[in-house]
Amino acid sequence: MHLIQVDSVQRWMEDLKLMTDCECMCILQSKPISIEKNEQNELILSSQYNTCDNLQLLLKRAWIISTELTRIAQKLEKNRWQRVHSMTVRVNCHVHSMINEYNTFTRSSSPEMHQLEKLLIDKCSEFTAFTERCLQTEDEEILKSMKSCVDETLTTIAQYFGQLIELVLTQEAQSLLRQIELSGSLYVTESAVSALFSLAQEGAHLCRIIAKEGGVVALFKICRQDCFRCIYPQTLRTLASICCVEEGMHQLEKVDGILCLADILTDTSHSEATHAEAAAVIAQITSPHLTFTQHLSSFLENMEEIVTALVKLCQEASSGEVFLLASAALANITFFDTMACEILLQLNAMKILLAACSDKHIVDTPYSRDQVVTILANMSVLDQCASEIIQGNGVQLLMEMLSEKSSSGNAAEVAACERVQQKSAVTLARLSRDPEVADAAVKLSCIPRLIKLCRSPTERNNSDSVLVACLAALRRLAVMSPDGLEDSDFQQLVKPRLVDSFLLCTNMEESFV
């Protein structure tokens, strides 16, 4: 479940309402304040417009119950029966509150839902009564024999609770997808897509539920209707979220999603925002971190069209965000298939990317530079790339990237800077097999910079991957220009085996002049 990290006071403030509701429900024994049908109907009607908030409240309540159940198991392990009982009472109240809240804002519940609700409530009541008996028992042997029954009951409650939440989320996904399927209204469809996006942000499990219920199929159906063009960006953003799971990818393949994305990217009548979100979907489904992209056979059939459109989007990007999405898609595609590098070379992509890097409004973050240098590193295996790098002043750019530093100190940004340093060193090592590139690198004082990165851990943020890449680049340049190194550098960083130089550098104290 997706949770936003907040400080403890803020978390307590947010939970306070739930806890007071819990106490109220306990006192009232879960009876509604009003029994007037009209008033109840008004409450249900008003909540229709707040489905996302209601789901967030439900998920938060579910998270509290899940946390409490874990804590009960921990207290039970330590035989702290007083705490176990008080927490059991609290869970009982939360379960009643959660079920009442959900039944208030949902239109209808299935018989299966009612059955699970009853099973869970009955089991919670049984659990509360059971722990109360344990509290009144002082005989250690009797308590020991009762403990296994308590454990079993707790496991059953957790099982019923998990099944109920799964069913609730499935029904909500079904309801939203039904709205998309049956409604021809732009407003209703837009609201349903927005709610679906919010659900997908709750994590991979929610994305699997949406995909299994036909979410990818429904969203691509929207992307094939001109009357919904204005909500294409929002729809594509939701698709990108859902396609982080294998079930979403399988559904995408079944509905010819790649062909639809290629059509959107190559259609010049679409807005830049639509093209950017389509690029985001491409970046997601071709991510090298996913292990289930092999089945995307249709991608190869449309790859040239997609790559051409993405290069154009990089060239014409009006903002850093658009460039980042397009370049990320290209970077992933170069991992996905080697033929992509040859297509990029034919499209003068290297020249376009190098030119973009000189515009600080477009390539404005380490994340964007990470995508560019990834493309350069993967393209550098081709012999023809060397001349393109020289013509586009690419060696100078790679030299600058070796000095990439985070301005904020943010962990994600620091990691991006490390990747930029590592990949720029890898690119230099690969390209320096060409004497012209090696000569340019030496003239730009690349060797002293690589030596500093090797010898100074703070320069590379203590990254071992940056160190290995710099040692490899340094050794390649040393072959082409041996006069550029002092004897001590040669003896320590070039002459030994790579692993020996690596161990030497990782054990160095930072006291070098």
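Trainee: Before we look around, what counts as a salt bridge here?
Mentor: A salt bridge is a side-chain nitrogen of Lys or Arg within 4 Å of a carboxyl oxygen of Asp or Glu. By that rule, Glu68, Arg71 and Arg90 are linked in a network of salt bridges. Keep in mind that this is a predicted model.

Trainee: Thanks! How many salt bridges does the structure hold?
Mentor: There are 17 salt bridges in the structure. As a general point, side chains of opposite charge can pair when their charged atoms come close.

Trainee: Let's take Arg369. Which side chain does Arg369 meet in a salt bridge?
Mentor: That of Glu404, at 3.0 Å from N to O. Arg369 sits in helix H18, while Glu404 lies in the loop between helix H20 (394-401) and helix H21 (411-431), so the pair ties together parts that are 35 residues apart in sequence.

Trainee: And are those two buried or exposed?
Mentor: Both Glu404 and Arg369 are buried. Arg369 counts as buried because its relative accessible area is 16%, and the cut-off for buried is under 20%.

Trainee: What else is Arg369 in contact with, leaving aside its neighbours within four places in sequence?
Mentor: Besides Glu404, the contacts are Val363, Asp364, Met401 and Val420.

Trainee: Which salt bridge involves Asp370?
Mentor: Asp370 pairs with Lys423, at 2.9 Å from N to O. This one links distant parts of the chain, with Asp370 in helix H18 and Lys423 in helix H21, 53 residues apart. Asp370 is buried at 3% relative accessible area, and Lys423 is buried too, at 17%.

Trainee: What about Lys123 and Glu126, where do they lie?
Mentor: Both are in helix H5 (residues 111-136), three residues apart, which is about one turn of the helix. Lys123 is buried, with 18% relative accessibility, whereas Glu126 is partly exposed at 40%.

Trainee: Switching topic: how many aromatic pairs does the structure hold?
Mentor: One aromatic pair. Phe299 and Phe336 make it, and the arrangement is edge-to-face, with 5.0 Å centre to centre and 85° between the planes. Phe299 is in helix H14 (residues 297-316) and Phe336 in helix H15 (residues 320-336), 37 residues apart.

Trainee: Is Phe299 buried or exposed?
Mentor: Buried, at 0% relative accessibility. Phe336 is partly exposed, at 22%.

Trainee: What is the phi of Asp256?
Mentor: Near 55°, a positive value in a residue other than glycine. Most residues other than glycine have a negative phi. Asp256 is in the loop between helix H11 (246-254) and helix H12 (257-266), and it is partly exposed at 43%. Asn462 also has a positive phi, of about 60°. Asn462 sits in the loop between helix H23 (446-455) and helix H24 (464-480) and is exposed at 55%.

Trainee: Last one: how many helices and strands are in the protein chain?
Mentor: The chain has 26 helices and zero strands. Of its 513 residues, 49% are buried. The chain exposes about 25000 Å², and carbon and sulfur atoms supply 52% of that.

Note on methods. Residues are numbered from 1 along each chain as its sequence is written. This is a predicted model: local features need pLDDT of at least 70, side-chain atom pairs count only at pLDDT 80 or more; totals for chains, interfaces and linings use all residues. Side-chain values use heavy atoms; hydrogens and water are left out. Rings of Phe, Tyr and Trp (its six-membered ring) pair if their centres lie within 6.5 Å; planes under 30 degrees apart count as stacked, over 60 as edge-to-face and the rest as tilted. Helices (H or I, at least four residues) and strands (E, at least two) are DSSP runs, numbered from the N terminus. Buried means under 20% relative accessible area, exposed over 50%, partly exposed in between (1.4 Å probe, protein chains only). Accessible areas come from the Shrake-Rupley method with a 1.4 Å probe; for residues, only the protein chains shown count as cover. Contact means heavy atoms within 4.5 Å.
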